[in-house]
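Please read them with the structure open.

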Amino acid sequence: MTLRAYVISRILLTIPMIFILLTMVFVVIRILPGDPVLAHFEKNVDPALVEEMRVKLGLDKPLWAQYFDYVFGVFRGDLGKSMYDYSPVAEQIFSAFPATLELAISSMIIAALVGIFLGVQASKRYNKPVDHTIRIFGIVTYAIPVFLLGMILQLVFGVGLRWLPVGLRMNPMLAAPQGLTIGALHFSTGLYTIDSLLEGNMFKFVESLRYLFLPSLTLGTVLSGVFIRLTRTNMFETMRLDFVTAARARGLRETTVTYRYALRNAFLPVLTMIGLQFAALLAGAVLTETTFSWPGLGTYVVDRINFRDYTAIQGAVVVFGILVSIVSLVVDLLYAYLDPRIRL
Amino acid sequence: MIEQTNAESHLLTVNGLTVEYWTRRGKIRAVENASFTLDRRETLGVVGESGSGKSTLGLSLIKLVPYPGRIVSGDINLEGQNIRRMKDEEMRDVRGRRISYVFQDPMTSLNPVEKIKDHFVELIQTHEPKVSKTQALERANQLFRDVGIQEERISDYPHQLSGGMRQRVMIALALALNPSVIIADEPTTALDVVVQAKILDLLNTLRDRYGMALILITHDLSIVLQRSDKIIVMYAGRIVEYASSVDLYSSTQHPYSQGLLNSIPNIELIDQKLEAIEGSPPDLLNPPKGCRFWPRCSFAMPECRIEEPPLFETKKNHLVRCYLYKDETNDQ
Amino acid sequence: MMGGSSTKKNMFSRLVPLLTSLARRGLAGWFIAIGLIMVIAIVVMTMLAPWISPHDPSAIEMGPLLSPPSSQFPFGTNKLGQDMLSRVISGGGIMIQVALLSVVICMAGGIPIGLLSSYTGGILDRILCLIMDSIYAFPGLVLAIAIALMLGRGVVNMALSIAVVYVPSYFRVIRSQVLSIKEMAYVEAANAIGAKGHTILSRYILPNVIPSIIVVATVNFADAILTAAGLTFIGLGVSVDIPDWGYDLTVGRTLLTTGVWWVIAFPGIMVVLLALGFTLMGEGLSELWNPRLEQ
């Protein structure tokens with residue numbers, strides 16, 4: 001299949017998937033429990049209040065009308081209003097999103113780096129003790145609940161050694177990094193690490209890293225197992241290929257052979273895996289954020305659960321789903337672009 | 001029988017080399033007790049069918065026998081130095097610089113994600129760190145002229161070159177550091193006939209120009225008959241005949257060598273009967289007792305089935321592993 | 001004790017030769033053996049809890065509140081003075097039930113749908129594939145949160161929410177197997193002699209699909225346990241009066257900063273061990289049945 005045909009068909013595929021996703025969420029939140037508004041309120045409540053909320057949130061209309069409002073709303077960027085204070089959910093999500101993004105990126109980087117490195121080491125010592133240890137490490141890290149690992153790290157590094165903070169995103173005595181300001185123009189990414197660099201404030205940069213480190217390490221470690229396994233298998237096969245032996249026959253250094261020859265060629269599946277793991281990353285992020293009081297989408301969802309703010313939760317869940325769809329689309333397209341079989 | 005050759009007098013001396021693969025199902029002796037010598041401006045042909053151990057022999061000379069293989073015994077001496085005892089770091093110095101290896105399939109022997117010029121720069125700078133990138137590229141261009149590729153191609157990726165060009169690149173890489181020995185494993189099998197002859201001629205020209213020794217590993221006896229000075233015929237891991245190419249052609253001794261010779265089509269003969277050797281190579285996990293070849297040999301005698309024959313020296317520098325010649329030994 | 005002891009001895013005697021034969025199969029065999037032992041030990045411990053726990057796990061003020069591990073209370077006590085050791089021994093019940101139930105529901109749903117869809121093919125197959133892919137692409141925990149939230153607390157509801165998330169895994173695995181087997185000659189031959197669809201399914205396809213299903217099931221179990229723990233951690237757990245590791249984890253979390261580590265540590269270890277047991281089995285089985293790195 002040509003590249004163009006693939007790209008088009010892949011993009012077209014995303015549309016029905018997003019629709020199914022939206023429908024699923026709608027069914028779960030609006031239809032499943034019966035009446036989300038009633039579920040929101042405590043038992044003895046004034047029916048007038050219930051009716052008021054219904055009208056304000058547009059939940060008094062017939063179901064199919066609600067569905068259309070909802071779907072069109074999503075495409076317009078309107079995710080409804082919060083049951084708590086009727087403010088737009090989209091705004092709240094938008095402000096919580098960068099924190100989750102920062103956590104997600106740094107965790108994925110750690111997972112990939114740790115996973116690839118350990119996978120390479122394991123593949124070079126097939127069936128020897130180091131290989132076994134690394135494989136067991138990968139399995140055990142998968143089996144630990146991410147919040148438990150987070151708490152252990154908090155205990156060791158935060159409470160015990162007192163090297164790193166145990167919660168929040170930034171030193172409470174500092175203002176959040178503002179990013180780049182040129183005259184009246186203002187540019188910020190919402191990622192504290194980058195914004196503090198843009199601001200030129202090294203102290204804030206270091207602080208933001210200190211706060212980012214433990215949560216990313218936690219989430220990254222739990223995810224690394226998959227990368228370890230994948231890299232190990234791929235490297236093992238690639239190292240057996242002719243051009244690797246030929247490289248050794250020319251007397252090149254082992255590190256050159258491992259990284260410039262074998263790894264560069266085995267890397268592509270790892271890239272795809274990053275995309276595939278994104279869903280698991282977001283799921284883990286919810287628990288990690290809760291553990292570290294990291295103010296992102298995960299904390300947002302859990303808070304809304306406590307408030308029984310079902311419309312807000314619906315909006316957040318939709319955002320999660322759309323994020324995953326977009327990321328997997330991008331990764332698929334990237335892979336198609338890079339895979340020589342399709343490109344040539 | 002075989003004299004322990006004086007390591008100092010030849011460029012490359014191999015004595016009693018034995019290589020085994022230790023697999024889960026058992027030990028496989030891919031090469032047993034191989035011995036030969038090689039001098040500068042000499043070409044040694046190593047002939048045998050698949051599984052005869054010829055590739056393993058080649059790889060063992062640079063100690064790159066793949067897992068689970070290992071060199072079990074024997075000596076390899078390069079310019080008087082014992083290679084077999086070398087540690088990995090020392091061996092890395094030998095590979096590519098003193099002994100070069102040209103692999104069979106040029107398509108799969110180059111790094112697909114690196115440009116050709118990077119292959120050269122990498123190679124030269126690894127062995128000679130003081131050389132700058134520009135100097136390395138100059139050398140590469142010179143090598144391209146030697147092997148006959150246009151200089152512009154140096155910026156290409158491997159997949160942009162034809163098979164013949166890729167093989168020339170491999171040869172250029174093999175030459176880059178002026179090695180003493182080049183081992184070419186089936187250098188022409190993956191190429192078409194027209195290109196084959198060119199590549200083989202090229203190898204010999206370069207051999208003479210740079211004063212190297214050449215080892216040609218192939219299954220095709222016709223190639224080595226013309227272009228090598230001496231030939232080793234291998235069967236099931238053993239050297240069954242070792243002679244100059246002239247002697248091998250005119251006074252072929254081992255029945256297997258004779259069979260190989262008979263299966264070469266000769267365009268000048270009308271009504272030539274092409275004879276294939278009946279049967280197939282033995283299973284090296286459970287080899288037959290006695291001479292490895294007896295099940296396929298038309299001259300098999302009772303003693304062939306009992307014990308493996310040693311190498312008999314029938315003329316000066318003509319050795320054959322066959323009981324047919326046991327009385328013709330040229331005793332010193 | 002009770003009449004169950006003789007059956008247990010019987011199972012034990014059949015178990016030992018199985019374990020020794022596994023241990024001979026290299027690392028993968030060890031994984032399976034150790035995983036199996038871990039899982040069985042924990043399940044047995046939980047089942048025997050009423051008899052083997054030293055105190056009543058729900059009884060409060062058994063000893064000083066929040067006391068660290070001691071000879072009297074080897075795992076310490078919690079905020080209500082409950083004995084942690086007893087709570088750990090009895091706390092697995094809910095998690096195991098939830099995991100088991102979710103796997104059963106998942107299989108009951110995923111396997112028939114998978115078989116039907118891949119065998120029939122056509123539009124039905126494509127639509128189901130699309131739906132399954134959408135679910136599969138979703139962050140599991142998030143979906144489980146949404147469903148558990150709306151269904152309410154309870155073992156069954158939690159199991160349902162986890163099950164929905166895992167149905168696509170079974171669906172995919174079965175579908176790929178069925179599709180490859182469908183092409184094979186002997187199925188065509190069976191068709192040619194007029195065997196009915198369901199006969200083909202049960203006689204030819206099903207036996208070949210079972211190994212993959214078992215591997216997926218082990219991963220399913222492990223994930224179910226971790227997801228159940230996660231849901232409880234967020235506050236969507238089961239009601240509080242039954243001893244439950246998940247609950248202790250949540251409670252123990254707030255106590256951690258005050259230096260009280262034992263409330264969270266021991267239930268935490270148990271959860272890890274249980275999930276680990278299943279994961280090890282899954283790894284070992286998949287390595288054994290699909291050896292990737294043969295020489």
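1. Ala228(C) lies in helix 10 of chain C. The model is a predicted one, and what follows should be read with that in mind. Is Ala228(C) buried or exposed? Ala228(C) counts as buried because it has 32 C-beta neighbours inside 10 Å, where the cut-off for a buried residue is 20 or more.

2. Which residues does Ala228(C) touch once its neighbours within four places in sequence are left aside? The contacts of Ala228(C) are then Met95(C), Val98(C), Ala99(C), Met158(C), Ile162(C) and Gly246(C). Ala217(C) is 11 residues from Ala228(C) in sequence, and the C-alpha atoms of the two are 16 Å apart in space.

3. On the nonpolar cores: the largest one has 254 residues. Within this core, the residues with the most contacts are Val142(C), Ile145(C), Ala146(C) and Ile225(C).

4. Next, the contact between chain C and chain A. Chain C contributes 40 residues and chain A contributes 41 residues. On the side of chain C that touches chain A, at least two residues each come from helix 6 (122-137), helix 7 (140-151), helix 10 (197-234), helix 11 (245-256) and helix 12 (262-289) of chain C. Sorted by class, that side of chain C has 29 nonpolar, 7 polar and 4 charged residues. Helix 10 of chain C, one of the helices on this side, is also the place of Ala228(C).

5. Turning to chain B as a whole, the chain has 10 helices and 12 strands. Its radius of gyration is 21 Å, which agrees with the value near 20 Å that a compact globule of 332 residues would have. The C-alpha trace of chain B spans about 65 × 50 × 45 Å along its principal axes. Of the 332 residues in chain B, 44% are buried. Among contacts in chain B with a separation of 6 or more, 62% are between residues 24 or more positions apart.

6. One sheet of chain B is open and has 4 strands in the order 2-1-4-5, with antiparallel pairing. Strand 2 (26-38) and strand 5 (81-82) of chain B are its edge strands, each pairing on one side only. Helix 1 (residues 54-61) of chain B packs on this sheet and touches strand 1, strand 2 and strand 4 (69-78) of chain B. The direction of helix 1 makes about 65° with that of strand 2 of chain B.

7. How many bridges join strand 1 (residues 12-23) of chain B to strand 2 of chain B? The count is 9, and the two strands run antiparallel. Strand 1 and strand 2 of chain B form a hairpin with 2 residues between them. Across this pair, Glu20(B) has Arg29(B) as its bridge partner, and Val19(B) stands opposite Val31(B).

8. Strand 1 of chain B is also joined to strand 4 of chain B, by 8 bridges and in antiparallel fashion. Here Leu12(B) stands opposite Leu78(B), and Thr13(B) stands opposite Asn77(B). Asn77(B) also stands opposite Asn82(B) in strand 5 of chain B. Strand 4 and strand 5 of chain B run antiparallel with 2 bridges between them. They form a hairpin with 2 residues between them, and Glu79(B) in the turn has a positive phi of about 50°.

9. Chain B has another open sheet, of 8 strands in the order 6-7-8-3-9-10-12-11, with mixed pairing. Strand 6 (99-102) and strand 11 (312-315) of chain B stand at the edges with a single partner strand each, so one side of each has no neighbour in the sheet. From one strand to the next, the twist averages 20°.

Key. Residues numbered from 1 in each chain as written. Chains lettered and ligands numbered in written order. Predicted model: local features only at pLDDT ≥ 70, side-chain atom pairs only at ≥ 80, totals over all residues. Rg over C-alpha atoms; globule rule 2.2 N^0.38 Å. Buried ≥ 20, exposed ≤ 12 C-beta atoms within 10 Å, placed from the backbone. Contact = placed C-beta atoms within 7 Å. Pairing = 2+ DSSP bridges. Axes fitted to C-alpha atoms, helices over the stretch in contact; angles between N-to-C directions. Core = buried A, V, L, I, M, F, W, Y, C linked by C-beta atoms within 7 Å. Nonpolar A, V, L, I, M, F, W, Y, C, P; charged D, E, K, R; others polar.
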